[in-house]
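Please work through the following exercises with the sequence and the model at hand. Each task is followed by a worked solution.

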Amino acid sequence: MSWEEFWLVLVVCGVCMLACRTLPMLILKGRELPPMLSRALGFIPPAAFAALVANDLFAPGMFAEGLWPAAVPLVAALCVVAVAAKTKSLLWSAVAGVVAYAVLLMI
């Protein structure tokens with residue numbers, strides 16, 4: 001790929017990203033969304049985060065090294081869920097996940 005093609009692709013990608021992020025705000029400015037649509041849009045961040053987490057928890061060939069190495073992330077995730085349900089704190093949930101994962105790796 002030549003430098004001219006690279007810059008062309010970069011500019012086109014930048015314009016598309018800018019358009020996708022700003023056009024909806026400009027088009028919907030001053031309008032109120034229907035309650036059902038607002039409720040549906042509220043599910044996007046948790047769904048995206050769940051997809052990222054699920055990708056790390058369940059990988060192809062995760063049982064290749066045995067049951068325990070594959071179970072470590074799952075057990076750490078259960079610890080995170082328990083702490084999150086109890087404290088409702090993102091900070092304590094993250095700390096619990098890191099500590100649980102580190103401790104479980106030492107076992």
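The exercises below concern a predicted model and proceed from the whole chain to one residue.

**Exercise 1. Determine the secondary structure of the chain and state how many helices and strands it has.**

Solution. Begin by counting the elements: the chain contains 5 helices and 0 strands. Next, read along the sequence; the order of elements is α-α-α-α-α. Then turn to the radius of gyration, which is 21 Å, whereas the globule rule gives 13 Å for 107 residues; the chain is therefore more spread out than a compact globule. Finally, take the extent of the C-alpha trace, which spans about 55 × 45 × 25 Å along its principal axes.

**Exercise 2. Describe the surface of the chain and the placement of its charges.**

Solution. First, consider burial: 12% of the 107 residues count as buried. Second, consider the accessible surface, which amounts to about 9000 Å². Carbon and sulfur atoms contribute 77% of that surface.

**Exercise 3. Is A96 buried or exposed, and in which helix is its place?**

Solution. Start with the position: A96 belongs to helix α5, which comprises residues 90-106. Now apply the cut-off, by which a residue is buried under 20% relative accessible area. The value for A96 is 17%, so A96 is buried. To complete the description, relate A96 to V83: these residues are 13 apart along the chain, and their C-alpha atoms are separated by 7.0 Å.

Technical notes. Residues numbered from 1 in each chain as written. Predicted model: local features only at pLDDT ≥ 70, side-chain atom pairs only at ≥ 80, totals over all residues. Heavy atoms only, no water. Helix = DSSP H or I, 4+ residues; strand = E, 2+ residues; numbered from the N terminus. Rg over C-alpha atoms; globule rule 2.2 N^0.38 Å. Buried < 20%, exposed > 50% of the residue type's maximum accessible area, 1.4 Å probe, protein only. Areas by Shrake-Rupley, 256 points an atom, 1.4 Å probe, with all protein chains shown as cover. Lys, Arg positive; Asp, Glu negative; His and termini not counted. Charge placed at Lys NZ, Arg CZ, Asp CG, Glu CD.
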